[in-house]
Amino acid sequence: MLRSLYVKNLALIDEAGVEFQKGLNILTGETGAGKSLLMGSVDLALGKKADKELIRKDEEYALVELIFEVESPAIQQALKGMDVVFETEGEVLITRKLVQGRSISKVNGETVSAAQLRQITGLLLDIHGQHEHQSLLDKAKHLEIVDEFAGRKADMVKEQLSKAYEAYAQAKGRLGEFAMDEEQRQRECSFLEFEIKEIEEAQLQEDEEEHLTAWYKKASNSRRIMEAVGHVHECISSDTSAGAGEQLGYAVKEISSVAEYDEELSDLSEQLSEVESMLSDVSRELSNYMQNLEFNEEEFLHTQERLNLIHRLEDKYGATIPDILKYREEKEERLAFYQDYEVQKARAEQVLVEREKELLACCEELSTVRKVAAKDLEKKIVQALSELNFLQVQFEIAFEQLEKPARNGFDSAEFLISTNPGESIKPLEKIASGGELSRIMLAIKTILSNQDGVETLIFDEIDTGISGITAQLVAGKLSQIAKGCQVLCITHLPQIAAMADNHYLIEKKVITGKTVTQIRELGEEESVGELARIIGGTQITDTVLNSAKEMKELAKRTK
């Protein structure tokens, strides 16, 4: 159940906190006091899109906190399966903080995405907003309600259906590849054969471009290389008096002539000898390099042509030789596809037929599950509506099969109803008034709440369009629901407010020049006084007070 709600810096709410109890929690207050704002803060905590304008003027942030006590072991286990970590067994703390331009949601201190938040809170509570009953005018909602009532049976088949639909869509897409005519296929084959032949005739090797480029670079610069190497050879040669080799040889002789007189000079003499030897080796290697360096014009032209061919193929088929070879493999596969076109087309047609059969089988199975569940749902709704002052009501769920199967099956469902004796049964949207829609949605919520095990239900002005005996019956139904789960209900009707197990007043006040919305729990006498206000408005006479007391006593006897 929802144990507490805390709101800070949200619109007219400066700071408000309230502890809720089990049973039927009723929230009342003057029009404009902020009842919907308070319940809207719950929506906000559950992931509803936030407007930065909601942050109270002159404040940097807004905060909403919800604390739930989860009693159901099954729901606790499901939450753990969603990676919700319990610091205190069964306690779930949900916070949402709005800062300019962004918001942060957390569950038990762990940041979660909006999708995760909706999935988690879907197990904790269900909210019936002020206008949700209008969704019953949408036929798509009817099928959604049937599926929700069917529960796990429908979910299991829908999982299979989703896989079957994906396989069907893929098979259909595959068959779509065979849309070309024979003339177009022949043209495509000819073009592919040309591309493949052009690449094959080039006889490309994966690493040849690198080797050819290196050789071409060397050959293109052979004259400059020869001049530079020749000049270096002259500089270090011992063949000329100006060469480093000749000078170094003279230095070695000189130091050798005096090395016997000093041990340190002996070491230096050895080092100079090693340098002379190394320089001699380099000179010899440079000489060999010059002798072997030659320019072959025929080979140069061949390499140039080969590189031009490679670059041209790269421009057409890929940035590198491996890319070109991969391109050829892909085109060979495509050519094989076109050459075996009719056989593969027939195979694709057969696969599509098989996938369509599998899809239709899943659709049939889901349709059967829905229709069985719908019969049970019809009976439960009729029973619930009779308890909400629908006299001799008739209610049916009509199914039609769509022309084509879809991801959600091939069913279209529509709620049909007759609310008065002698009236023929007709689509809900053509008969039901706003007040009737509210009661029908209440009946459905009652049934589904028993189905899915949610521990908290919130009704925001479920009393739209009802009064008198009907209001009394709705109050009784809410009290009945509250015996099995926690109910929070915003209402304007005294009949419903009188049934409260816990009564809360939402009021607007001016504090230090600022308008704020506050909420507080009422004691017994205050609850009677609030009932009197709802009944009598500004004129609360003794008669009105006595009526409020009598209404409260009557509610206690009927619970």
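Two residues are in contact when they have heavy atoms within 4.5 Å of each other. By that rule Ala443 touches Ala384, Leu385 and Leu388, leaving aside residues up to four places away in sequence. What you're looking at is a predicted model, where local features need pLDDT of at least 70, side-chain atom pairs count only at pLDDT 80 or more, and totals for chains, interfaces and linings use all residues. Numbering starts from 1 along each chain as its sequence is written, and side-chain values use heavy atoms, with hydrogens and water left out.

**Helix α15**

Let's stay with Ala443, which sits in helix α15. Helices here are DSSP runs of H or I with at least four residues, strands are E runs of at least two, and both are numbered from the N terminus. Is Ala443 buried or exposed? With a relative accessible area of 0%, Ala443 is buried. The cut-offs go like this: buried is under 20% relative accessible area, exposed is over 50%, and partly exposed is in between, using a 1.4 Å probe and protein chains only. Ala443 and Leu46 are 397 residues apart along the chain, and their C-alpha atoms are separated by 24 Å.

Ile444 belongs to helix α15 too. Its relative accessibility is 1%, so Ile444 counts as buried.

Thr446 is another residue of helix α15, which covers residues 434–452. Thr446 counts as buried because its relative accessibility is 7%. Its contacts, again skipping residues up to four places away in sequence, are Lys477 and Ile481.

**A threonine in a strand**

Thr517 is placed in strand β15, residues 514–521.

**Salt bridges**

How many salt bridges does a search of the whole structure find? It turns up 31, where a salt bridge means a side-chain nitrogen of Lys or Arg within 4 Å of a carboxyl oxygen of Asp or Glu. Here are three of them, each within a helix.

| Pair | N to O distance | Helix |
|---|---|---|
| Lys141 and Glu144 | 3.4 Å | α4 (residues 139–150) |
| Lys197 and Glu201 | 3.9 Å | α6 (residues 182–202) |
| Glu358 and Arg355 | 3.4 Å | α13 (residues 341–386) |

Why are Lys141 and Glu144 separated by about one helical turn? Because they are three residues apart in helix α4. Lys141 is buried at a relative accessible area of 18%, while Glu144 counts as partly exposed at 44% relative accessibility.

Lys197 and Glu201 are four residues apart in helix α6, so they too are separated by about one helical turn. Glu201 is exposed, with a relative accessible area of 55%.

As for Glu358 and Arg355, they are three residues apart in helix α13, which means a separation of about one helical turn. Glu358 is partly exposed, at a relative accessible area of 40%, and Arg355 counts as partly exposed at 24% relative accessibility.

There's also a network of salt bridges, linking Asp147, Lys158, Arg370 and Asp411.

**A negative patch**

Asp262, Glu263, Glu264, Asp267, Glu270 and Glu274 form a negative surface patch. Patches take residues with over 30% relative accessible area and no salt bridge, joining like charges within 9 Å and nonpolar side chains (Val, Leu, Ile, Met, Phe, Trp, Tyr) within 5 Å. Lys and Arg count as positive and Asp and Glu as negative, with His and the chain ends not counted. Glu264 is one of the patch residues, and its place is in helix α10, residues 263–292. Glu264 counts as exposed because its relative accessibility is 59%.

Most residues other than glycine have a negative phi. Asp83 is not a glycine, yet it has a positive phi of about 70°. Where does Asp83 lie? Look in the loop between α2 (73–81) and β5 (91–99). At 66% relative accessibility, Asp83 counts as exposed.

Asn389, also not a glycine, has a positive phi of about 70°. You'll find Asn389 in the loop between α13 and β9 (394–406), and at 28% relative accessibility it counts as partly exposed.

Note on methods. Areas by Shrake-Rupley, 256 points an atom, 1.4 Å probe, with all protein chains shown as cover. Charge placed at Lys NZ, Arg CZ, Asp CG, Glu CD.
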